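Trainee: I would like to learn how to read a protein model. Could you take me through one, feature by feature?

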Amino acid sequence: MKNVVLGTAGHIDHGKTTLIKALTGIETDTTKEEKQRGLSINLGFAYLDLPNGERVGIVDVPGHEKFIKNMLAGSAGIDLVLLVIDVNEGIMPQTKEHVDVLTLLGIEEYVIALSKVSGVDQDLKDLVYEDIREQFADTPLKDAPIVETDAIAGTGLDELKDVLVQKIAGIQQENEQLPARLNVDRAFSVKGFGTVVTGTLIDGSIKVGDDLTIYPAGITTRVRTIQIHEQDQAIAYAGNRTALNLTKVDLDQVERGDVLSAAPLEASYMLDAKVMCLKSANQPMQLWDRVHLHIGTCEVIGRLVPLGVEALAPGETAFMQIRLEEEVAVKKGDRFILRNFSPVVTIGGGEVLDATPRKHKRFNQNVIDSLEVMESGSTEDVLLDFLIHRSTGFTSIKEMADYLGEEMRVVEAYVSDMVAEGKLLKFGQFYFAKDSFDAISQEMMKLLDDFHSSNNMVAGMSLEEFRSRFNQVAPKELNAIISTLVEDKKLRIDGDIIALAGHSIQISPAQAKARQAIEDQLAHNPFTPPSFEEVVGKDPVKREVYMLMRKENEFYRLDKQTELHVKYYNEALEILAEFCRDHGEIALADFRNLLGTSRKYTLLLLDDFDRRGITTRQEDVRVMNPKYLNHIEEVQL
C-alpha cells in the first residue's frame with residue numbers, strides 16, 4: 001500500500017480547511033486563535049480513507065500571506081496537491097504564489113477543487129475554468145482534473161475522492177529503501193512521555209527502538225513510540241505523516257527545521273544549487289542579495305553568489321552558491337524556496353546539487369563544468385564527479401548511496417559496471433576514481449623524477465619525506481596507492497628509500513674523480529677523520545659529492561664536529577669484537593694502538609659504543625655486551 005501525503009493549497013478563505021473537514025470529518029484548525037480568526041495559522045493534519053481502502057495523510061497548510069512560511073514547511077514530503085479555488089473569486093495572489101512554490105519544489109501531481117459552487121451560474125463557472133487553463137498553461141497544472149465542490153452542501157465530495165484514487169494510482173514512490181530521514185515540522189512535550197516530534201517521513205522507514213540523529217546539532221536519540229494517524233504503530237514508512245516519541249532528548253534540543261536521520265548527514269553553511277528566478281520577481285537575483293531560504297521545514301537567512309553569471313534575471317536559471325547564516329543538514333536533490341529578505345515575497349527556488357561545497361570563485365569553468373554534471377549528467381557521471389572532487393579519497397558504496405540518494409543495491413550495480421570498465425579501482429571495501437589515481441600517480445612519479453634529476457648520485461628519496469609531500473591523502477590511502485605502483489613496477493622501495501623502478505645512480509666523470517679523491521683521503525688514516533673543510537677545500541665538485549655522500553648516510557657522526565665513514569666505523573667494531581673475544585675486555589690504550597689513532601678519536605668511539613649498549617665501562621676497561629660478541633653485524637651501521 002502506498003503512503004501518500006496530500007497537501008492543500010490556495011488563497012485565504014477559499015475553503016481548504018472546510019473542504020478537508022467535509023472529506024475527513026477532522027477539524028484541522030485546532031487552536032483557539034485559528035477558530036476565532038477563521039483562518040489557518042499553523043499546519044493542520046488529517047487523514048482521508050479513500051473508496052479503494054487506501055488512507056492518505058493530509059497536510060492543510062495556511063493560505064494567508066503572513067503565514068506563507070508555515071505553508072513552505074508543510075510542503076516538504078507532499079506527493080499530491082489539492083489546489084482549492086473559490087469559484088466566486090477565481091485565481092488570487094496567494095493561489096499563484098502557492099503554485100509557484102509547489103512548482104519550484106518539484107511537485108507535479110495536482111487536483112483542482114473548485115469550491116463553493118452551489119448556486120453559482122454556469123457562465124461564471126465557465127469563466128473560471130477558462131482563467132484556470134489560461135493562467136496555468138505553462139505549469140504542471142495545465143492538465144490537472146477540475147472537480148466542482150461545495151463542502152457545506154456536500155457537492156462533488158465522492159467525485160473528488162474518485163479522482164484522488166486515480167491520481168494516486170499513478171504516483172511512483174522509490175525511496176522506501178533509503179536510510180530514514182524526517183523533517184521536523186512540530187516539536188512538543190507530552191506529560192508522561194516526553195519529547196514528541198512530527199513530520200513526513202521522506203525517506204526509508206523507522207521502527208520502534210531505532211537510533212536516530214538530530215541534525216544539524218548532531219544529538220543522538222531513540223524512538224520510543226510511533227503514531228500514524230493517531231494510532232500506535234511498530235513501523236513507519238516513507239510517505240507516512242508520523243509522530244515520534246523520542247528518548248534521551250529534551251524539548252529545547254529539537255525544533256521545527258531540524259532533521260532526524262538514520263544515515264550520517266554533514267551540516268554546512270553553504271549550498272551549491274541550480275536556481276530559477278520566477279518570472280514574477282520584480283528584480284534580478286544579484287551578488288550578496290540577502291534572502292530567506294526555505295528547505296525541508298527549515299528557514300534560514302543566506303546570501304546569494306551567482307556562479308558563471310553576473311546576475312540572475314526573472315525567468316532565468318543559473319548555478320548559485322548560497323552562503324548561510326546558520327548550518328543546515330540536507331542532501332543532494334533536495335528542493336528549496338528563496339524569498340526576498342524584505343519585502344518578504346517568493347522570488348525563486350531550486351535544487352541542491354552539492355550539500356557540502358567549498359567556496360568557489362564565481363567564474364571558475366571547472367566549477368561550472370562539475371555543477372553541470374551534478375545537474376544533468378548520467379548517474380555514472382555524477383558518481384565519478386563526486387569521487388574525483390571529494391576530499392576523503394577512498395569511498396564506500398554506502399557513502400556513494402547516501403550522496404546519490406539511491407538504494408545500496410542500485411549503486412552496487414553501477415559500481416560493478418564502472419570497475420569492469422576501468423573507471424573505478426577497488427581497494428578492499430573502498431573505491432577510488434581511476435582518473436584521481438592516475439593524477440596522484442603522475443604527481444608521485446614526477447616528484448621522484450625531479451628528485452633523481454637533481455640528486456643523480458642518490459639512490460632515492462626518503463620514504464618519510466616522500467609521504468610528507470602528499471599529506472592531503474590519508475595515510476591508509478597513500479600506502480595503498482604506493483603499494484599498487486610498486487606492484488605495477490613503476491616505483492621501487494628499498495628499506496626507507498623510494499625511487500622510480502628504473503632509476504640507477506648516475507655519476508659524471510668529474511664527480512667520479514672527486515669521489516675517488518675523497519675516499520683515498522679518508523683511507524689514508526681511516527680512524528683519524530679529517531674535517532669537512534679539510535676534505536673538500538675550495539673544490540665545488542668535491543663539496544657536492546661529499547654532501548651527497550652525507551645525504552646517502554655514508555658518514556656516521558660521533559659528535560658535532562666529527563664524522564666517520566660508515567665503512568671505518570664498522571671496521572672499528574670488528575677490531576673491538578676480535579680483541580674482546582681473545583681478552584674479555586679492552587682498555588682505551590689498547591684500542592687506540594689497534595686503531596693507530598689519537599686518544600681523542602678512540603674515546604669518541606668508545607663513548608659511542610657505550611651509548612649504544614655495545615660496551616659497558618668497568619673502571620678503566622670496556623667489556624663487550626655478550627649478545628654482540630659473536631654477532632657484531634647486529635649493531636653495525
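Predicted model: local features only at pLDDT ≥ 70, side-chain atom pairs only at ≥ 80, totals over all residues.

Trainee: How many bridges join β28 to β29?

Mentor: Four bridges join β28 to β29, which covers residues 497–500. The two strands run antiparallel.

Trainee: Where do the side chains of a strand point?

Mentor: In a regular strand they alternate between the two faces of the sheet.

Trainee: What is found in the loop between α13 and β28?

Mentor: Loops deserve a look at their backbone angles. Lysine 489 is found in that loop, between α13 (475–487) and β28. Lysine 489 has a positive phi of about 60°, although it is not a glycine.

Trainee: Which strands make up the closed barrel?

Mentor: Follow the pairing from strand to strand. Six strands form the barrel, running β17-β22-β20-β19-β23-β24. The pairing is antiparallel. From one strand to the next, the twist averages 45°.

Trainee: How many bridges join β17 to β22?

Mentor: Eight bridges join them, and the strands run antiparallel. Strand β17 spans residues 268–277, and β22 spans residues 317–328. Valine 275 has alanine 318 in β22 as its bridge partner.

Trainee: Which helix lies across β17, β23 and β24?

Mentor: Helix α4, residues 93–104, does. Its angle to β24 is about 10°. Compare the residue ranges: β23 is 335–340 and β24 is 346–354.

Trainee: Where is proline 343?

Mentor: Proline 343 sits in the loop between β23 and β24. The bond from serine 342 to proline 343 is cis, with omega near -5°. A second case is the bond from tyrosine 215 to proline 216, also cis, with omega near 10°. Proline 216 is found in the loop between β11 (211–215) and β12 (219–228).

Trainee: What do β33 and β34 form together?

Mentor: They form a hairpin with two residues between them. In the turn, glutamate 619 has a positive phi of about 55°. Four bridges join β33 (residues 615–618) to β34, and these strands run antiparallel. Threonine 616 stands opposite valine 623 in β34.

Trainee: How many bridges pair β32 with β34?

Mentor: Two bridges, in the antiparallel sense. Strand β32 is residues 586–587, and β34 is residues 621–624. Isoleucine 586 stands opposite arginine 622 in β34.

Trainee: How do I look for empty space?

Mentor: Rolling a probe the size of a water molecule over the atoms shows where empty space is left. A search of the whole structure finds one cavity of 30 Å³ or more. The largest cavity has a volume of about 40 Å³.

Trainee: Which residues line the largest cavity?

Mentor: Among them are Leu522, Asn525, Pro526, Glu563, Leu564, His565 and Tyr568. The lining divides into six nonpolar residues, two polar and one charged. Strand β31 (residues 563–565) gives the largest share, three residues.

Trainee: Which domains does the assignment give?

Mentor: It gives domain 1 (4–170), domain 2 (181–261), domain 3 (267–367), domain 4 (377–506) and domain 5 (509–635). Taken over C-alpha atoms, the centres of domain 2 and domain 4 are separated by 42 Å.

Technical notes:
Residues numbered from 1 in each chain as written. Heavy atoms only, no water. 1 Å grid on protein atoms, 1.4 Å probe; cavity = no way out; pocket = protein on both sides within 12 Å on 5 of 7 lines; lining within 4 Å. Points joined across faces, edges and corners; volume = space filled by probe spheres on them. Nonpolar A, V, L, I, M, F, W, Y, C, P; charged D, E, K, R; others polar. Pairing = 2+ DSSP bridges. Domains from an automatic or database assignment. Axes fitted to C-alpha atoms, helices over the stretch in contact; angles between N-to-C directions. Contact = heavy atoms within 4.5 Å.
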